[in-house]
Amino acid sequence: MSAGAGGHYLVLGAGGLGCPALLGLVAAGAEAITIVDHDVVDASNLQRQVLYTTADVGMAKVEAAAVRLRGRAPRVRLRTHRVHLDAASLGPLLAEQPAGTIVLECSDAPGLKFLVNDTCLSGQLPLVVGGVQRWRGQVQAVVRGHACLRCVFEGPPPPELQESCSLVGVMGAAAGLLGFWMAQMAVALRAGSPVAGTLWAIDT
């Protein structure tokens with residue numbers, strides 16, 4: 001039985017974390033979701049990007065995700081933005097979101113995660129931010145007035161110390177677990193559960 005996610009969710013990134021997060025939100029009864037990603041479906045990523053099939057290879061992720069999600073939940077209102085997120089594009093995107101939007105940061109870019117953290121705090125948008133590498137990762141619920149991503153990690157590592165997913169690998173099941181946990185945290189925030197400021201670290 002669905003707990004009733006309701007409301008609007010903004011999912012930044014439709015990859016290894018975004019795919020299970022989107023499935024989790026739809027399964028929980030989200031009313032509206034905006035999906036943001038600039039990339040296309042790649043066959044080499046299908047082991048962790050569980051929303052797609054080989055038929056979607058080469059298709060924009062946002063469009064493929066929308067097709068798959070509509071097939072599961074025709075009533076959910078979906079919007080897509082195929083855009084590369086950076087300091088110039090993020091502010092206007094967040095500013096146009098309706099009141100009550102909960103943001104899920106599902107990218108694999110450390111610098112973007114901190115940019116989203118800071119921008120959501122200044123705009124008072126609730127945020128769930130996740131990260132995954134190899135067999136482990138973490139999920140944090142960020143709300144103004146509580147501990148945020150920068151409270152824990154201060155800032156992204158320097159570029160020479162950043163390990164990309166393509167270099168170190170990601171276990172698909174670990175990404176699935178963490179993506180679903182992001183959806184759980186987002187739904188919990190909407191329900192008023194006391195999860196703001198909490199961080200879950202998972203090592204499988």
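Predicted model: local features only at pLDDT ≥ 70, side-chain atom pairs only at ≥ 80, totals over all residues.
**The aromatic pair**

By the rule used here, the count of aromatic pairs comes to one. The partners are Trp181 and Trp200, whose rings are arranged edge-to-face, with 5.3 Å from centre to centre and 65° between the planes. This pair links distant parts of the chain, because Trp181 belongs to helix H7 while Trp200 belongs to strand S7 (residues 199-203), and the two are 19 residues apart. Trp181 is partly exposed as well, with a relative accessible area of 27%.

| Residue | Relative accessible area | Class |
|---|---|---|
| Trp181 | 27% | partly exposed |
| Glu105 | 0% | buried |

Helix H7, which covers residues 172-191, has 20 residues and reaches 29 Å from its first C-alpha to its last, a span close to the 28 Å expected at 1.5 Å a residue. After H7 comes Gly192, whose phi is positive, near 85°.

The largest nonpolar core has 48 residues, and those with the most contacts inside it are Tyr9, Leu25, Ile33, Ile35, Tyr52 and Leu104. Several elements each supply at least two residues of this core, among them strand S1 (8-12), helix H1 (18-28), strand S2 (32-36), helix H2 (61-72) and H7. It is H7 that gives the most to this core, with ten residues. A second, separate core of 19 residues includes Leu10, Leu94, Val116 and Leu125.

Tyr52, when residues up to four places away in sequence are not counted, touches Ala14, Cys19, Val41, Leu46, Lys61, Ala64 and Ala65. Over the ring of Tyr9 sits the charged end of Arg190, 4.7 Å from the ring's centre.

**A buried glutamate**

Glu105 lies in strand S4 (residues 102-105). With a relative accessibility of 0%, Glu105 counts as buried, because this value is under the 20% cut-off. Leaving aside residues up to four places away in sequence, Glu105 touches Leu12, Leu112, Lys113, Val116, Leu127, Val128, Val129, Gly130 and Met182.

Technical notes: Residues numbered from 1 in each chain as written. Heavy atoms only, no water. Helix = DSSP H or I, 4+ residues; strand = E, 2+ residues; numbered from the N terminus. Expected span 1.5 Å × (residues − 1). Buried < 20%, exposed > 50% of the residue type's maximum accessible area, 1.4 Å probe, protein only. Contact = heavy atoms within 4.5 Å. Core = buried A, V, L, I, M, F, W, Y, C linked by side-chain atoms within 4.5 Å. Phe/Tyr/Trp six-rings, centres within 6.5 Å; stacked < 30°, edge-to-face > 60°. Lys NZ or Arg CZ within 6 Å of the ring centre and 35° of its normal.
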